[in-house]
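Please walk through the structure below with attention to its aromatic side chains, its strands and its nonpolar core.

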Amino acid sequence: QVHIVESGGGWVQPGGSLRLSCSLAENPASLYGMAWYRQAPGKEREFVAFISSGGRPEYADFVKDRFTISRASGSNTIYLQMNNLKIDDTAVYFCKRDRYWGQGTQVTVSL
């Protein structure tokens, strides 16, 4: 069984920043590709960003140049730095490894 824990969500005004963290509870020998997804109220869960085991990132078009995914060196801990947040970024953000999901962390962008 894989346990995934996200943290770092909260409330921020439009234009502000948040940094999300995600880690595996286990300490596996291998590094894994991992991703961030998000789900807003009334919407399907959607892809946000991915980072390969080797550290190569890729992004959904709607967050490119605003969000940065990164990895703690040599670990299965990843981060999502979110800058210039918009009201439409409000969602529960989930961390994913293969078919395993964390519990999610709430990001609220509002006045």
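**Aromatic rings, sheet and core**

Trp101 has a relative accessible area of 33%, so this residue counts as partly exposed. The model is a predicted one. Phe94, with 9% relative accessibility, counts as buried because the cut-off for that class is under 20%. The rings of Phe94 and Trp101 form an aromatic pair, with 6.3 Å between the centres and 85° between the planes, an edge-to-face arrangement.

Arg45 belongs in the picture of these two rings. Its charged end sits over the ring of Phe94, 3.7 Å from the centre. The charged end of Arg45 also sits over the ring of Trp101, 4.6 Å from the centre of that ring.

A pair of aromatic rings is described by the distance of the centres and the angle of the planes. Across the whole structure, a search finds three aromatic pairs. One of them is formed by Tyr37 and Phe47: the ring centres are 5.6 Å apart and the planes stand at 75°, so this pair is edge-to-face. Tyr37 lies in strand β4 (residues 34–39) and Phe47 in strand β5 (residues 46–51), so the pair links parts of the chain that are 10 residues apart. Phe47 has a relative accessibility of 24% and is therefore partly exposed. Tyr37, Phe47, Phe94 and Trp101 together make up one aromatic cluster.

Next come the strands. Strands of a sheet pair through backbone hydrogen bonds, either parallel or antiparallel. Here, four strands form an open sheet in the order β1-β3-β8-β7, and their pairing is antiparallel. At the edges are β1 (4–7) and β7 (67–71), each of which pairs on one side only. On average, neighbouring strands of this sheet are turned by 15° against each other, direction ignored. Strand β7 is joined to the antiparallel strand β8 (residues 77–82) by five bridges. Arg71 has Ile78 in β8 as its bridge partner.

In soluble globular proteins, nonpolar side chains tend to be buried together. The largest nonpolar core holds 25 residues, of which Trp36, Val48, Phe67, Ile78, Leu80, Met82 and Tyr93 touch the most other members. At least two residues of this core come from each of β3 (18–24), β4, β5, β7, β8, β9 (91–97) and β11 (105–109). The largest contribution, four residues, is from β3.

Which residues is Met82 in contact with, leaving aside its neighbours within four places in sequence? They are Gly16, Ser17, Leu18, Leu20, Arg66, Phe67, Tyr93 and Val107.

Conventions. Residues numbered from 1 in each chain as written. Predicted model: local features only at pLDDT ≥ 70, side-chain atom pairs only at ≥ 80, totals over all residues. Heavy atoms only, no water. Phe/Tyr/Trp six-rings, centres within 6.5 Å; stacked < 30°, edge-to-face > 60°. Buried < 20%, exposed > 50% of the residue type's maximum accessible area, 1.4 Å probe, protein only. Lys NZ or Arg CZ within 6 Å of the ring centre and 35° of its normal. Pairing = 2+ DSSP bridges. Axes fitted to C-alpha atoms, helices over the stretch in contact; angles between N-to-C directions. Core = buried A, V, L, I, M, F, W, Y, C linked by side-chain atoms within 4.5 Å. Contact = heavy atoms within 4.5 Å.
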